[in-house]
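Thanks for making time this morning. Please look at the sequence and the model on the screen, and then I will walk through a few parts of it.

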Amino acid sequence: MPLNPSNTKDMFHTVEDILQPTDARERFRKHFLAPIEAHDQKWADLWEGGEFLPWDKGMASPALVDLMDQQKENPIFVAHNHKSGAKTALVPGCGRGYDVLLLAQHGYHAVGVDISAKAIDDAKEWVNNEINKLRAAGEPLPTGRIDLIAGDFFKDDWVVELGIDPNGGFDVIYDYAFLVALNPALRTKVAARMHQFLASGQGVLIALEYPLFRPAETGGPPHGIKSEDYDALFGEKFSKALHFMPKRTHKVGEGSDMVSVWVKKHFCKDSKM
């Protein structure tokens, strides 16, 4: 299939596409009427089918684009450490890797992981195509390394395969719709894993808070969440450095999305959340 967003009519372009009982919304809801332990396979099945990917926007997050443009003004987003070189940034649930390529273009060693091997195959193809377009146009190429790998976010095998320490080996994590794609019962587990992954005293979590417009009782995915939920999940072991409404974001989140940036606190000995 071509590496474009799924059928336009089936995409979640607007708030109404998610809140109203459209055919696409109902199909998506029914697809995940299964035990939580089966949801990984449910996501993989959608990628394998390839024709119904309503969350796939076909582009990097505009909010992240603008945030990375702040690298010169805000040291927290500088992609290099004068001692260790390029910082390592993780995009969990990376899909076709739009945000991974963006981070690499800003100098990060960018890692994208997805439960679906098909998503990763698509991501590798899309990233290679984009790099070839840049090369043909004489545009600057990504300066950061790119790793795209299939794996379970909660397991260590893919992290070890990349030669990264699962205990503090990442400098940055970018979360857009990964936390809310999973059942809310898993949120504390996700937060603990992100805390484990990030470097103590300096690891940065960038969260595009979405869908804040969706009441939790309406189910998902994506499951409704509030800014206060992020505070509850990360407030104890992270310091909130920024919290603001982005000037630009994907259309579905316009007027409601918020960006929060968290720095992992330093502890003499990290403990699990």
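This is a predicted model: local features need pLDDT of at least 70, side-chain atom pairs count only at pLDDT 80 or more; totals for chains, interfaces and linings use all residues.

In what order do the seven strands of the open sheet come? The order is β5-β4-β3-β6-β7-β9-β8, with mixed pairing, where two strands pair if DSSP finds at least two bridges between them, and where helices (H or I, at least four residues) and strands (E, at least two) are DSSP runs numbered from the N terminus.

Residues are numbered from 1 along each chain as its sequence is written, and side-chain values use heavy atoms, leaving out hydrogens and water.

At the edges of the sheet are β5 and β8, each of which pairs on one side only. Within the sheet, β3 (residues 88–92) and β6 (residues 172–176) run parallel and are joined by two bridges, and Leu90 has Ile173 of β6 as its bridge partner.

Turning to the loop between α6 and β5, we find Pro142 there, and Pro142 counts as buried because its relative accessibility is 18%, buried being under 20% relative accessible area, exposed over 50% and partly exposed in between, with a 1.4 Å probe and protein chains only. Leaving aside residues up to four places away in sequence, Pro142 touches Leu101, Ala104, Gln105, Ile131 and Leu134, contact meaning heavy atoms within 4.5 Å. The C-alpha atom of Pro142 is separated by 37 Å from that of Ile36, 106 residues apart along the chain.
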